[in-house]
Amino acid sequence: MVVYSFYIFDRHAECIYKRRWLPRPSSVVASKSSRPTSEASAPATAPPAILGQSARTTDDDAKLIFGTVFSLRNMARKLGGEDDNFVTYRTSQYRLHYYETPTNIKFVMLTDIKSPSMRVALQQIYINLYVEYVVKNPLSPAEHPGGVGVNNELFEESLEQFVTRVLS
Amino acid sequence: MSSATKASRIGEELWKTRVDKVNAELVTLTYGTIVAQLCQDYDGNYQEVNKQLEKMGYNIGMRLIEDFLAKSNVGRCANFRETADMIAKVGFRIFLNIAPTVTNWTSDNNQFSLVFDENPLADFVELPDDGRAQDELWFSNILCGVLRGALEMVQMQIEAHFVSDVLRGDDTTEMRVSLVRYIEDEMPPDEE
Amino acid sequence: MTQPQPPRHAAMLSISNGGSSLAAAADKQQPPQHLHTQSQSSQGLRVPSNRKTIYDRHLNRSRNAELSRASFAFLFAEMVTYAQRRVTGIQDLEKRLNEQGYPLGLRLLDLLFYRTMSSSTSSSLSSSSTSSSPPNRPLRILPLLHLIHGPLWRLLFNRPADALEHSVSPETPNEYMITDNDPLVNTYISVPKEMNMLNCAAFVAGIIEGVCDGCGFEAKVTAHNQPTEMWPGRTIFLLRFGESVMEREKVLERAGVK
C-alpha cells in the first residue's frame, strides 16, 4: 500500500500538521513501480496536488479535508447517535482514513484504494508518537497554533519511520 | 457493577500494567521546588501563587488528558457522575496513585467534592509559619488547574477550588468541582 | 569571579536549622525570618486533629513509593515553560533550571543521610537527630562524588549514573565529570536545532550543586550534551570545585583523612 498524505487537526479546527509523501505517479502511469519512495516532498517544488489536477496548495487541501471529515463525522453522529463516527471513505482514486480522539484531535491519512483500514495505525500514531513526542515535550506548547511544536525532530523522524517501515 | 467500582478496577489495572513509574519523591520534591519558586517570584503574594499554580495546572491538564486517553482508551462518559468517577478512580490513580473519594453531590448532579486521604504532592510539606500561608496558600492548587485543563479538552468547562487542606490544619483535604457547561465543537474561522 | 550568593547560603542555613529538614515551601522565602520563627512561633501552625503532619508520619513512608513518570514529565515541562517565560536566552534558561534544582539537592542530601544512616543503624530510627552515630558526611571529594554517582542517582532515578571521571588535564584538577547516558528528565524533550546547545538536565546539575554545597563543597555544576551513536541523549555533568575546596582537599590529604 501507499501512503499519500497525513494531517492532524486540533480542537480549534486548525491543521497543526501536514505531511505529503511523493504523489502517486498518476500522470506517469507507464512504469508500474506503484511504490513511490516515501520522501517528504519539499513544499516549494512539490507537484500541485495529491491527486494531480489543479494547482491547489497543501493548505487548500487541508481545508478541504477538514471540511469533509467534519461534515461526515457530524452526519455520522446525527444518523448513528452521539458515539457513532465515520472511519473511512473511498473514491476511485484514494482512500481516506479517519481517527478522532475524545479531545477532538483529528488524524487523517490518505492512501491508495487497496490499503486496508488504517484506523489502528492512526490510533498508534496518536498514542505512541503524538502523545509521547509532542504532548510530553516540554519545549512544545500545550496547544499548537500554526503547528508550533508538532514538527519537532523526534515526532517527524518517528512518523517517517512508522510510515515507511511499518505501513508500507 | 457501579460506575465507581468499574472505574476503580480500570484504574488499578492501568496503574499496574500501563504506567511507567518514577520514584515518588522525585515528583514530590520537584513540585515543592515549583511552589517555592513561585512564592519567591511573587514575593509571598499567595493569591498570585494560587493563580499561577492553577494556570500551570491548566497547561498540564491539557497535555495530561491526551496521555490519559492514550493509556486508558476509555470512551466518552455518559454523564457528569461518571466523569467524576473516572477522574477520581482512573485519572488520579494513574497519575498520582491515589483515588480520592467522590462525595457531596448537589441534587442537580453538577457539583461534587473530591476528598483526599493522601496527597503525594504535599508529602514533606509544612507551610511557612508566617501567619498568612495557612490562610492564603492552597499548596496543591495545581490540581484544580489540571482538572480544568483536562476536562476542557473533552468539552467540559468546569470550575474547581479547594475548600480545605490538612496543610492548613483542616481535618480533610477537599476540592469542590462544578460543571459550568458542555463546550460545543469549534468551527474553522473562515468557513464559507 | 564567584559572587557571594546570600539567598542560597541562607536557604541552606534555614534548612539545617529547621525542625523538619524537608519542609518544601517553608524555608524558601525570607529565610532570615524563618530562623526567627523557630523561637517565636508559640501560636505556630495549625495542625489537623488527626495529626497527619510531616512530624507524625514516617519519613521513609514514601521511600519505595512510585508515581507516574508522565506526572514528572508534565511537572518538569511546566517548570521549563515557566522558566522560559522569564529568561532571555539558552544560558539564562539553564541557569534558571539550575537554580530550581539547587534547593532540591539541599533537601535530598538530608534525606539521603537520613536514609543511609537509618539503614546502617536501625536502632536510631525514631530519634534520628540524637543518634549516636553521626551522619556520614563526605569530607573528601571522592566520597562525595561516589555519593552522587550512586545513592543520589538511585534515589532520583532508580539506578546509578553511568560514569565518573576526573579531568585528565593538569590545568583543571578541580574538574570532575559524571555521565548519564540517558537522563530521565530529557526523555520527552526534542530540542529544536536553533537551541541545540540547550540541555534541560541543567535542572539535575542544580540538584548536584545543591548536594555539593550542602556538604560544604562549593562547586559549579553544568550539563553538557555529549551524544554518541548509541546514546543520543548522553549528558555529561561537569563539576568544578572552588579553590577553597581544592586547598582543603590538600590539607586533608596530608592529614590522612579519607
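Some housekeeping first. Residues are numbered from 1 along each chain as its sequence is written, while chains are lettered from A and ligands numbered from 1 in the order in which they are written. Since the model is predicted, local features need pLDDT of at least 70 and side-chain atom pairs count only at pLDDT 80 or more, whereas totals for chains, interfaces and linings use all residues.

Confidence. The model scores ipTM 0.92 and pTM 0.82. For single residues I use pLDDT, the predictor's confidence in each residue, from 0 to 100. Chain A has a mean pLDDT of 81, with 80% of its residues at 70 or more. Residues 27–50 of chain A have pLDDT below 50, and this stretch has 39 contacts in the model beyond near neighbours in sequence. By contact I mean two residues whose C-beta atoms, placed from the backbone, lie within 7 Å. In chain C the mean pLDDT is 78, and 71% of the residues reach 70 or more. The pLDDT is below 50 over residues 1–7 of chain C, a stretch with one contact beyond near neighbours in sequence. Residues 121–134 of chain C also stay under 50, and there the model has eleven contacts beyond four places in sequence.

Now the sheets. Helices (H or I, at least four residues) and strands (E, at least two) are DSSP runs, numbered from the N terminus. Two strands pair if DSSP finds at least two bridges between them.

Chain A has an open sheet of five strands in the order β2-β1-β5-β4-β3, with antiparallel pairing. Which strands stand at the edges? They are β2 (15–20) and β3 (88–90) of chain A; each has a single partner strand, so one side of each is left without a neighbour in the sheet. Neighbouring strands are turned by 10 degrees against each other on average, direction ignored. Strand β1 (residues 3–9) of chain A is joined to β2(A) by five bridges, and Phe6(A) stands opposite Arg19(A) in β2(A). Helix α1 (residues 58–80) of chain A packs on this sheet, touching β1, β2, β3, β4 (95–100) and β5 (106–111) of chain A, and its direction makes about 115 degrees with that of β2(A). For these angles, axes are lines fitted to C-alpha atoms, for helices over the stretch in contact, and values run from 0 to 180 degrees between N-to-C directions.

Chain B has an open antiparallel sheet of four strands, in the order β2-β3-β5-β4. Its edge strands are β2 (101–103) and β4 (156–164) of chain B, each pairing on one side only. The twist averages 25 degrees from one strand to the next. Between β4(B) and strand β5 (residues 173–182) of chain B there are eight bridges, and in β5(B) the bridge partner of His161(B) is Arg176(B). Helix α6 (residues 142–153) of chain B lies across β4 and β5 of chain B, at about 165 degrees to β4(B).

Next, a helix pair. In chain B, helix α2 (residues 24–41) and helix α3 (residues 46–72) pack at an angle of about 135 degrees, with their axes 9 Å apart. The two are therefore oblique to each other (under 35 degrees counts as roughly parallel, over 145 as roughly antiparallel, 65 to 115 as roughly perpendicular and the rest as oblique). The contact is made by Val35(B), Leu38(B) and Cys39(B) of α2(B) and Val49(B), Gln52(B) and Leu53(B) of α3(B). By class that is five nonpolar, one polar and no charged. Here Ala, Val, Leu, Ile, Met, Phe, Trp, Tyr, Cys and Pro count as nonpolar, Asp, Glu, Lys and Arg as charged, and the others, Gly among them, as polar.

Finally, the contacts between chains. Chains A and B each give 16 residues to their contact. On the chain A side, helix α2 (residues 119–135) of chain A has the largest share, four residues. That side divides into eight nonpolar, four polar and four charged residues.

Between C and B, 45 residues of chain C are in contact with 48 residues of chain B. Which element of chain C gives the most? It is α3(C), with eleven residues. The chain C side has 24 nonpolar, 14 polar and seven charged residues. The two chains also share strand pairing: strand β1 (residues 21–23) of chain B and β1(C) pair in the antiparallel sense over three bridges, with Leu67(C) as the bridge partner of Val22(B).
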